[in-house]
Amino acid sequence: MRLLKTTSVAVITLTTLLTAPLAFADLTTDISNVSVAYQAQENAKAQNAAKARARAAARAAAIRAERNRQVAIQMADKKRDQDYEDKLRALQLKDKELDIKMKEARANRADEFVDAELAHAKAKIDKVQSEADANRLEAQGNKALKEKVGEAEIKAHSGLFK
């Protein structure tokens with residue numbers, strides 16, 4: 001039995017060795033086909049990865065562009081607000097400067113202002129005095145007229161001139 005076993009192993013080995021170039025050729029073709037398929041699959045993976053990176057880069061660029069646009073809008077708003085505040089501050093300073101100049105002018109010409117105010121007050125007093133004098137003179141005139149009319153009535157009724 002042992003002999004049979006050894007002989008069949010030898011026959012199988014011989015058969016394998018004789019048919020090996022045929023199997024080796026098929027194996028080489030299979031390996032080559034697998035290698036080509038693997039390379040095609042790797043190329044497809046690389047292309048898909050490149051497309052994914054390109055999409056991600058485009059997305060990131062769009063996000064950066066939107067962020068930059070928002071920052072530009074905020075900066076424009078901030079500049080407009082700062083310009084407004086600067087103009088407002090300039091107006092306030094100018095108003096204060098004018099107040100100071102007016103006070104300085106008033107202080108420098110205080111005597112003239114006092115004289116003008118006194119003249120104005122005197123004019124008011126003179127007006128009141130004139131009105132009072134006019135009223136008094138009118139009242140005296142009315143009184144004198146009434147007295148004369150009364151005396152004339154008395155004379156007219158006394159009979160001397162009838």
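**Exercise 1.** With which residue does Arg-136 form a salt bridge, and how far apart are the closest N and O atoms?

*Solution.* The model is predicted: local features need pLDDT of at least 70, side-chain atom pairs count only at pLDDT 80 or more, and totals for chains, interfaces and linings use all residues. Residues are numbered from 1 along each chain as its sequence is written, and side-chain values use heavy atoms, with hydrogens and water left out.

Step 1. A salt bridge requires a side-chain nitrogen of Lys or Arg within 4 Å of a carboxyl oxygen of Asp or Glu.

Step 2. The partner of Arg-136 is Asp-133, with the closest N and O atoms 2.7 Å apart.

Step 3. Both residues lie in helix H2, three residues apart, about one turn of the helix. Helices are DSSP runs (H or I, at least four residues), numbered from the N terminus.

Step 4. Arg-136 is partly exposed at 43% relative accessibility, and Asp-133 is partly exposed at 24%. Here buried means under 20% relative accessible area, exposed over 50%, and partly exposed in between (1.4 Å probe, protein chains only).

**Exercise 2.** Determine how Asp-126 and Lys-122 are placed in helix H2.

*Solution.* Step 1. Asp-126 forms a salt bridge with Lys-122, the closest N and O atoms being 3.5 Å apart.

Step 2. Helix H2 spans residues 110–158, and the two residues are four apart within this helix, about one helical turn.

**Exercise 3.** How many salt bridges does the structure hold?

*Solution.* Step 1. The count is nine.

Step 2. One of the pairs is Glu-112 with Arg-109, whose closest N and O atoms are 2.5 Å apart.
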